[in-house]
Amino acid sequence: VQLQACGGGFVQAGGSLNLSCEVSGLTFKWYAMGWFRQAPGKEREFVAIVSWNGDTTDYGDSVKGRFTISRENAKNTVYLQMKSLKPEDTAVYYCAADRYPSWGSSLVHMEEEYDFWGQGTLVTVSS
């Protein structure tokens, strides 16, 4: 199983960036897909999750209204559209796959819920 995240880079505060994560080695449509991030010296933080068909999403409080998660099952790819970026959004962003998401529970916000992880892509937001 491989989850290949890309799209990270350097952007000024207020700018936008789009991440993508291409998945192989599993039946993509069977999995909810999530994004997490980890800033230097901090714990990994939940960012967003999308259901297998894209109909249901959930976001971390710090990104609500600014980030949008989506997926394209035909391309085995999940996306994270990030707008109005802030310096505190600086982190390594990871995509992850969840075979049995606990919708309605805080468990979907926890690393332990997810079965497979990508290698991460770095996003740096300057002030």
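**Exercise 1.** Determine which ring arginine 44 lies over, and at what distance from the ring centre.

*Solution.* Arginine 44 lies over the face of tyrosine 94, at 4.0 Å from the ring centre; the criterion is NZ of Lys or CZ of Arg within 6 Å of the ring centre and within 35 degrees of the ring normal. Next, the charged end of arginine 99 sits over the ring of tyrosine 31, 5.9 Å from its centre. The model is predicted, so local features need pLDDT of at least 70 and side-chain atom pairs pLDDT 80 or more, whereas totals for chains, interfaces and linings use all residues. Residues are numbered from 1 along each chain as its sequence is written, and side-chain values use heavy atoms, without hydrogens and water.

**Exercise 2.** Identify the residues of the largest nonpolar core that touch the most other members.

*Solution.* A nonpolar core is a set of buried Ala, Val, Leu, Ile, Met, Phe, Trp, Tyr and Cys residues joined through side-chain atoms within 4.5 Å, buried meaning under 20% relative accessible area with a 1.4 Å probe, protein chains only. Among the 30 residues of the largest core, Met33, Trp35, Val78, Leu80, Met82 and Tyr93 touch the most other members. A second, separate core has seven residues, including Ala32, Phe36, Ala96 and Val108.

**Exercise 3.** Decide whether serine 126 counts as buried or exposed.

*Solution.* Serine 126 counts as buried because its relative accessibility is 18%. Beyond its neighbours within four places in sequence, serine 126 is in contact (heavy atoms within 4.5 Å) with Phe10, Val11, Gln12, Ala13 and Pro87.

Terms used. Buried < 20%, exposed > 50% of the residue type's maximum accessible area, 1.4 Å probe, protein only.
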